[in-house]
Amino acid sequence: QVQLVESGGGLVQAGGSLRLSCAASGRTFSTYRMGWFRQVPGKEREFVAAINWSDDNTYYADSLKGRFTISRDNAKNTVYLQMNRLKPEDTAVYYCALKATHIAPYQHWGQGTQVTVSS
């Protein structure tokens, strides 16, 4: 089993920054890619960013490129999401997820961390 624990959420003013962390534990040796998603009540969960575990490939939602940066620390089994120039519309619960292969869906999810951006 894989456990994912997010941290770093909170309340920030518009224009501010936050860095989310997601620590993975358990059977992480088969990690292919880790990603961040977010969800607002009443809306579908949306993709934010992802990073491959064994190369430098990163992926972003087009609307977030330039403001959000995903990175990883393989030694700590941790992935980060640096969020800059935050906007009220970035308010959501942010989830970390892990997939074991290129074609597999994201099978493992964290519990989520709330990010609230005040105007």
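This is a predicted model: local features need pLDDT of at least 70, side-chain atom pairs count only at pLDDT 80 or more; totals for chains, interfaces and linings use all residues.
A residue is called buried when its relative accessible area is under 20%. At 0% relative accessibility, cysteine 96 therefore counts as buried.

Cysteine 96 has a partner: cysteine 22 and cysteine 96 form a disulfide, with their sulfur atoms 2.0 Å apart. In general terms, a disulfide is a covalent bond between the sulfur atoms of two cysteines. Cysteine 22 lies in strand 3 and cysteine 96 in strand 9, so the bond ties together parts of the chain that are 74 residues apart in sequence. The link is left-handed, with -80 degrees about the S-S bond. Cysteine 22 is likewise buried, since its relative accessible area is 0%. A search of the whole structure finds 1 disulfide.

In soluble globular proteins, nonpolar side chains tend to be buried together. Here the largest nonpolar core has 28 residues, and those touching the most other members are Met34, Trp36, Val79, Leu81, Met83 and Tyr94. Several strands each supply at least two residues of this core, among them strand 3, strand 4, strand 8, strand 9 and strand 11.

With strand 2 (residues 10–13), the pairing is parallel and runs over 4 bridges; within it, glutamine 13 has serine 118 as its bridge partner. With strand 9 (residues 92–99), the pairing is antiparallel and comprises 3 bridges; there, valine 93 stands opposite glutamine 114.

The aromatic residues complete the account. The structure holds 4 aromatic pairs. One of these is formed by phenylalanine 37 and tyrosine 106 in an edge-to-face arrangement, 5.1 Å from centre to centre and with 80 degrees between the planes. Phenylalanine 37 belongs to strand 4, while tyrosine 106 is in the loop between strand 9 and strand 10; the pair thus links distant parts of the chain, 69 residues apart. Both phenylalanine 37 and tyrosine 106 are buried. Together with Phe47 and Trp109, Phe37 and Tyr106 form one aromatic cluster. The charged end of arginine 45 sits over the ring of tryptophan 109, at 4.4 Å from its centre. Arginine 45 also lies over the face of tyrosine 95, 4.1 Å from the ring centre.

Terms used. Residues are numbered from 1 along each chain as its sequence is written. Side-chain values use heavy atoms; hydrogens and water are left out. Two strands pair if DSSP finds at least two bridges between them. Rings of Phe, Tyr and Trp (its six-membered ring) pair if their centres lie within 6.5 Å; planes under 30 degrees apart count as stacked, over 60 as edge-to-face and the rest as tilted. Buried means under 20% relative accessible area, exposed over 50%, partly exposed in between (1.4 Å probe, protein chains only). A charge sits over a ring if NZ of Lys or CZ of Arg is within 6 Å of the ring centre and within 35 degrees of the ring normal. A nonpolar core is a set of buried Ala, Val, Leu, Ile, Met, Phe, Trp, Tyr and Cys residues joined through side-chain atoms within 4.5 Å. A disulfide is a pair of cysteine sulfur atoms within 2.5 Å.
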